[in-house]
Amino acid sequence: MAAISMRAISKSYFGTVSVLRDVDLEIAANEFCVFLGPSGCGKSTLLRILAGLEDATGGELRIGGRLVNAVPPAERGVAMVFQSYALFPHMTVAENMGFGLKLAKMPRAEIDRKVREAAEILQLESLLDRKPKALSGGQRQRVAIGRAIVRQPGVFLFDEPLSNLDATLRGQTRVEIARIHKRFDQASTVYVTHDQIEAMTLADKIVLLHAGSDADRWGSVAQVGRPLDLYNHPSSRFVAGFIGAPRMNFLPVTVTQVDAGGVEVALKQTGERLRAHVSGAGLASGQELALGIRPEHVDAGKPRGGDAASMAVLRRRISLTERLGEQTYLHLEDAGAPLLAKVQGNSDGEIGDIVELGIPAAQCHLFLEDGRALPRLSAVPHANH
């Protein structure tokens, strides 16, 4: 079992171009950890530092308790699956999967046994004699995964392994990767992606990384936690906007009242009042904030019951509908910022209709001007208290 520990890991090029800044991270043995973030945030660089393919400019990296900053890749007990498959075109599937074991001078019979075990797991038994050119994209990716499996590493590393596959194959291969992780319960898995669906469905822990000016300001790591922690309790506007599809609505508001039950705000464009069950400590009346509400939490059509302290009601005209079968997106007329509602697919809303929108206080987030989220209240006092 191989736990991973990073202490103040940094990476820069030419001494001036900083890619990673002071990354502190603990990945437990047998944990499935996903590095997530926009292009250019350094997630693949961090993975390559783990693999030993890049050197960290600063900090300490330990795998299984051993300091590995100066340890060669082959001696770290890790196996990496690349985005590009990286298969030898002149070798068969079996030869590709067993190549690393052959280099390690493992006995032929042992190589054959390990290759066949991996092929059975990945449903590749009938393809062992084929060359890569005779395989589909999904089959090639499974061969690349099999090449990692046969080594029985302490850590599996995946660098955007599904990005070259079509939507159907992405879903199928994602399930296979999850099953492999469960089967090899002694190994940790670190997986890089920019696709939040992959991150939310696979991860025990998500490490969301900043990019660009946000990283300059806050450091590389935006938030670390379980998928639903990042979804329900984002630490910043960046996290709230990156996690969730479609992305969270953000509305400009000003503070009108702060009490034990949360914060009351007014929409800047219309003056309509809403509440959020968040801590208002340190806020002042008139202070400008951003209110966040996810499209799936906007109760469109017939808002469910609740008093003014728990549910505000807005009236908006539909400007566009997107019908996707299982769900429908309602784009609503601008009131200072775009507003999107995600409703059931059988919604009868049409362009030009006016709908009532319930905005539950328990699902509203508030963000300061610098992007930090105000903490959610763990328990909201009763209205009579």
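These exercises on a predicted model each come with a worked solution.

Local features need a pLDDT of at least 70, side-chain atom pairs count only at pLDDT 80 or more, and totals for chains, interfaces and linings use all residues. Residues are numbered from 1 along each chain as its sequence is written, and side-chain values use heavy atoms, with hydrogens and water left out.

**Exercise 1. Aromatic pairs**

How many aromatic pairs does the structure hold, and how are the rings of Phe158 and Tyr191 placed?

Solution. 
- Start with the rule. Rings of Phe, Tyr and Trp (its six-membered ring) pair if their centres lie within 6.5 Å. Planes under 30 degrees apart count as stacked, over 60 as edge-to-face and the rest as tilted.
- Now the count. There are six aromatic pairs in the structure.
- Take Phe158 and Tyr191. Their ring centres are 5.8 Å apart and the planes stand at 35°, so this pair is tilted.
- Helices (H or I, at least four residues) and strands (E, at least two) are DSSP runs, numbered from the N terminus. Phe158 belongs to strand β7 (residues 155-159) and Tyr191 to strand β8 (residues 188-193), so the pair ties together parts 33 residues apart in sequence.
- Check burial. Buried means under 20% relative accessible area, exposed over 50%, and partly exposed in between (1.4 Å probe, protein chains only). Phe158 and Tyr191 are both buried.
- Widen the view. Phe32, Phe156, Phe158 and Tyr191 are linked into a cluster by ring pairs.

**Exercise 2. Charges over rings**

Over which rings do the charged ends of Arg237 and Arg294 sit?

Solution. 
- The rule comes first. A charge sits over a ring if NZ of Lys or CZ of Arg is within 6 Å of the ring centre and within 35 degrees of the ring normal.
- For Arg237, the ring is that of Phe250, with the charged end 4.3 Å from the ring centre.
- For Arg294, the ring is that of Tyr231, with the charged end 4.3 Å from the ring centre.

**Exercise 3. Helices**

Solution. 
- Axes are lines fitted to C-alpha atoms, for helices over the stretch in contact, and angles run from 0 to 180 degrees between N-to-C directions.
- The axes of α4 (residues 137-149) and α5 (residues 167-183) come within 11 Å and cross at roughly 15°.
- Angles under 35 degrees count as roughly parallel, over 145 as roughly antiparallel, 65 to 115 as roughly perpendicular and the rest as oblique. α4 and α5 are therefore roughly parallel to each other.
- Turn to α1 (residues 43-51). Seven of its nine residues are buried, so the rest of the structure largely encloses this helix. Among them are Leu46, Leu47 and Leu50.
- Just after α1, Gly52 has a positive phi of about 90°.

**Exercise 4. Backbone in loops**

Is Gln123 buried or exposed? Is Glu160 buried or exposed?

Solution. 
- Gln123 is in the loop between α3 (108-121) and α4. Its phi is positive, about 60°, although Gln123 is not a glycine. Its relative accessibility is 56%, so Gln123 counts as exposed.
- Glu160 is in the loop between β7 and α5. Its phi is positive too, about 45°, and Glu160 is not a glycine. Glu160 is buried, with a relative accessible area of 13%.
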